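Morning, everyone. Let me put the structure up.

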Amino acid sequence: MLGKKILLCVTGGIAVYKAAALTSKLVQAGAEVKVAMTKSACQFVTPLTFQALSRNDVYTDIFEEKQPDKIAHIDLADWADLVLVAPATANMIGKMANGIADDMVTTTILATTAPVWVAPAMNVHMYDHPAVRRNIEILYEYGCRFIEPGEGHLACGYVGKGRLEEPEKITALIADYFDSGTKPLSGKTVLVTAGPTIEKIDPVRYLTNRSSGKMGFAIAEEAAKMGAHVLLVTSVDRLPAPAGVERLKVQSAADMYETVMGLYKQADIVIKSAAVADYAPVHTSDRKLKKQPGPLVLELARTKDILKELGEQPDKPYLVGFAAETDHLEQYALEKLEKKRADMIVANNVSHEGAGFAGDTNIVTIFKRDGAKIELPLLSKHETARRILQEICTTLEMGWAK
Ligand code: PMT
């Protein structure tokens with residue numbers, strides 16, 4: 001991080017005290033740090049603290065021009081190699097998503113062409129509110145990267161997700177980002193889908209499948225280690241998001257369709273390891289369905305095939321599908337490669353011990369568009385993920401050293 005210029009935008013929440021520690025960690029790691037604060041942030045910790053820790057002027061007022069030959073917010077926006085908003089409140093995320101520029105922090109963020117990273121911190125219910133979720137999705141679409149908040153005791157008394165990620169971890173992620181030039185997937189965005197979809201019947205019942213998300217999470221983690229910017233679209237929340245991976249929460253196949261179709265243009269590679277429902281209930285009830293005499297007939301309709309639709313896009317990224325089969329593995333995998341216009345199909349026979357759902361291992365065969373067939377032995381899901389990514393890198397000639 002030596003000499004890297006980081007603009008830390010501090011917004012007003014209790015986690016501002018952690019931003020002071022973050023400033024110190026970034027400076028210790030060799031970065032040059034400048035700090036801009038909102039008025040609310042100044043209510044929690046004074047600018048003097050950040051001035052002392054960063055050894056630079058702190059910017060709080062859009063109208064306070066320190067140098068007559070410069071416009072401070074433009075100068076600051078152009079100066080930064082990376083803009084980090086930490087802690088990012090729900091209010092700041094909302095302003096950024098809507099292009100509001102009414103103070104030093106928001107005008108600078110709007111004026112910068114540097115990568116913008118956002119580390120949210122707020123009450124768990126605020127973080128889950130649809131308005132906040134929507135604003136976060138908009139910012140993803142604008143290319144912002146998120147450092148997910150951690151789980152634990154929140155200052156408001158709740159226990160849940162909403163704590164600003166620890167300063168050490170944020171510093172490590174930024175160091176990794178600046179260091180990633182030598183990694184095979186550096187500069188690439190990889191979108192991974194993982195886990196089952198959940199198709200609601202009524203408030204207490206749903207249709208799903210045995211996927212745990214382990215395969216997809218392993219791919220996301222290994223892709224991030226190889227330097228990729230990773231977007232992980234998943235219904236799974238019991239597995240922790242791997243470091244540096246941005247998780248987008250979905251539930252149903254329809255949700256997954258909307259999210260993936262909204263994001264795929266940002267991705268160089270899409271890996272669809274999720275077990276997506278092929279059918280979903282036509283009607284969902286807002287009330288619990290009561291027992292009736294006789295059998296119950298549930299009407300199901302086909303879901304949209306996300307992989308197939310991606311394959312039909314003229315600007316499609318490198319497309320990797322999975323095939324979960326119990327028989328005719330090669331035949332069905334090759335049919336999927338063709339029908340879904342994928343570049344690679346990773347097939348697993350889910351009836352074999354050690355392969356497929358839920359466990360920590362898998363046995364896969366990779367089928368590539370150029371006709372190549374690579375059979376992998378029983379491996380951990382992480383090693384399987386590395387081999388799949390290695391094959392993708394080789395195909396895309398990204399300089400993977402074999
Ligand atoms: O999550 P784990 O417990 O670790 O298990 C891993 C796994 C078994 C789920 C994984 O290895 C796997 O095989 N994933 C794909 C499961 C699946 O849905 O396969 P499929 O053959 O039904 O679908 C083929 C491809 O089309 C898949 O890439 C799937 O994501 C995609 N698809 C399917 C239906 C649909 N409506 N849209 C899709 O995009």
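Start with E148 and R247. Their side chains form a salt bridge, 3.4 Å from N to O. Keep in mind that this is a predicted model.

Now the two domains. Domain 1 runs 5-178, and domain 2 runs 189-397. Their centres, taken over C-alpha atoms, are 33 Å apart. In the contact, domain 1 puts in 11 residues and domain 2 puts in 12 residues.

How much area is buried between domain 1 and domain 2? About 1,000 Å². Carbon and sulfur atoms give 47% of that. On the domain 1 side, three residues lead: Y140, R145 and E148. Together they supply 53% of what domain 1 buries against domain 2, more than any other three residues.

Polar terms next. Between the domains there are 2 salt bridges. The interface also shows 5 residue pairs in polar contact, both partners at pLDDT 80 or more. Which elements of domain 1 give two or more residues to the side that touches domain 2? Helix 8 (130-141), strand 6 (145-146) and helix 9 (167-179). Helix 8 gives the most, with 3 residues.

Last stop, helix 14. This helix covers residues 381-396, so 16 residues by the DSSP run. From first C-alpha to last, helix 14 reaches 22 Å, close to the 22 Å expected at 1.5 Å a residue. Its buried residues include T384, A385, I388 and L389. Q390, E391, I392 and C393 in helix 14 are buried too.

How values were computed: Residues are numbered from 1 along each chain as its sequence is written. This is a predicted model: local features need pLDDT of at least 70, side-chain atom pairs count only at pLDDT 80 or more; totals for chains, interfaces and linings use all residues. Side-chain values use heavy atoms; hydrogens and water are left out. Helices (H or I, at least four residues) and strands (E, at least two) are DSSP runs, numbered from the N terminus. The expected span of a helix is 1.5 Å times one less than its number of residues. Buried means under 20% relative accessible area, exposed over 50%, partly exposed in between (1.4 Å probe, protein chains only). Domain bounds come from an automatic or database domain assignment. Contact means heavy atoms within 4.5 Å. Buried area is the accessible area (1.4 Å probe) that two parts lose on being put together, summed over both. A salt bridge is a side-chain nitrogen of Lys or Arg within 4 Å of a carboxyl oxygen of Asp or Glu. A polar contact is a pair of N or O atoms within 3.5 Å; within protein, one must be able to donate a hydrogen and the other to accept it, and residues adjacent in sequence count only if both atoms are side-chain atoms.
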